Amino acid sequence: MARLSFGLEAIGQAPAVVGPLQAILEVAPGHVASQRTLERYFVEQGRGEELLDVYRRMVDHLSDPEDALAYAHVAARTAANLGDADLAAAGPFLRAAFARDLADRRLVISLEAEARRTADLSLFSAAHQRAAQFSGNDQERATSFVRAAEGYFAMGDHARGREAMEHALAVDPNHLVALQHVAEERAAAGDVRAAADACETLGRRLKVPAHAARFFYRAAAHYRATEPERALSLAREALA
């Protein structure tokens, strides 16, 4: 099949081979030589919609993950250009790559934008959770997990939200937003000790004295029943 596609193209019969190659791809969607022959022909002819069909097959069926991911980017850019910079046209290609567990930093950033554009909380959380893999430092990684957790909480998926928040604190135990989430969630669940610990850590991490005092008072309130001396010490710190 590869010799047929390249041979006909080489002797100037590319238009005649389009139909047979498309038939080949109906049977063998991952046939790379046929895909690339059609790609070259449709690019030369400016046949954008048919080119997108080829790219869609490539993203879905190429066995090499790096190639499939590269074509997802090419397809998204081509689709957006055909739609006069309409980012909605790029979305299906980004989602198709992500569905195959293909991702790089660029794709994740594009998916985050797609999730915001479509108010897709599930995609928002999944993209941010995957973004942690490509973050440059622990604080960025933790923030990615926090954003994923916020999406899960907004969806009502509290179990996955707590799991993502725990990942954030495992990466950066002093992440302020994660600690505040944990303090509130543990207090609501009646886990007084964990809520107190999180509030105390927040009080020691916050730079603005008034903000730190607020969390020292909260920690003292949680400790009052079980550890009164510690509660008194934290109340004094809040007043310092």
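Predicted model: local features only at pLDDT ≥ 70, side-chain atom pairs only at ≥ 80, totals over all residues.

Residues are numbered from 1 along each chain as its sequence is written, and side-chain values use heavy atoms, with hydrogens and water left out.

Begin with helix H8 (residues 121–131) and helix H9 (residues 138–155), whose axes come within 7 Å and cross at roughly 160 degrees. Helices here are DSSP runs of H or I with at least four residues, numbered from the N terminus; axes are lines fitted to C-alpha atoms over the stretch in contact, and angles run from 0 to 180 degrees between N-to-C directions. H8 is therefore roughly antiparallel to H9 (over 145 degrees; under 35 is roughly parallel, 65 to 115 roughly perpendicular and the rest oblique). The contact (heavy atoms within 4.5 Å) includes Leu121, Phe124 and His128 of H8 and Ser144, Arg147 and Met155 of H9. By class, this contact of H8 with H9 has nine nonpolar, six polar and one charged residues (Ala, Val, Leu, Ile, Met, Phe, Trp, Tyr, Cys and Pro count as nonpolar, Asp, Glu, Lys and Arg as charged, and the others, Gly among them, as polar).

A pocket is an open set of points on a 1 Å grid over the protein atoms alone, where a 1.4 Å probe fits, with protein on both sides within 12 Å along at least five of seven lines; lining residues have an atom within 4 Å of a point. Among the lining residues are Arg105, Glu112, His128, Phe134, Ser144 and Arg147. The lining divides into four nonpolar, four polar and four charged residues.

Further along, helix H10 (residues 158–171) and helix H11 (residues 176–188) pack at about 135 degrees, with axes 10 Å apart. That angle makes H10 oblique to H11. Their contact includes Arg162 and Glu166 of H10 and His181 and Glu185 of H11, and has six nonpolar, one polar and four charged residues.

Arg193, Asp197, Glu200 and Arg204 of H12 meet Arg230, Leu234 and Glu237 of H14. This contact has one nonpolar, no polar and six charged residues.

Notes. Helix = DSSP H or I, 4+ residues; strand = E, 2+ residues; numbered from the N terminus.
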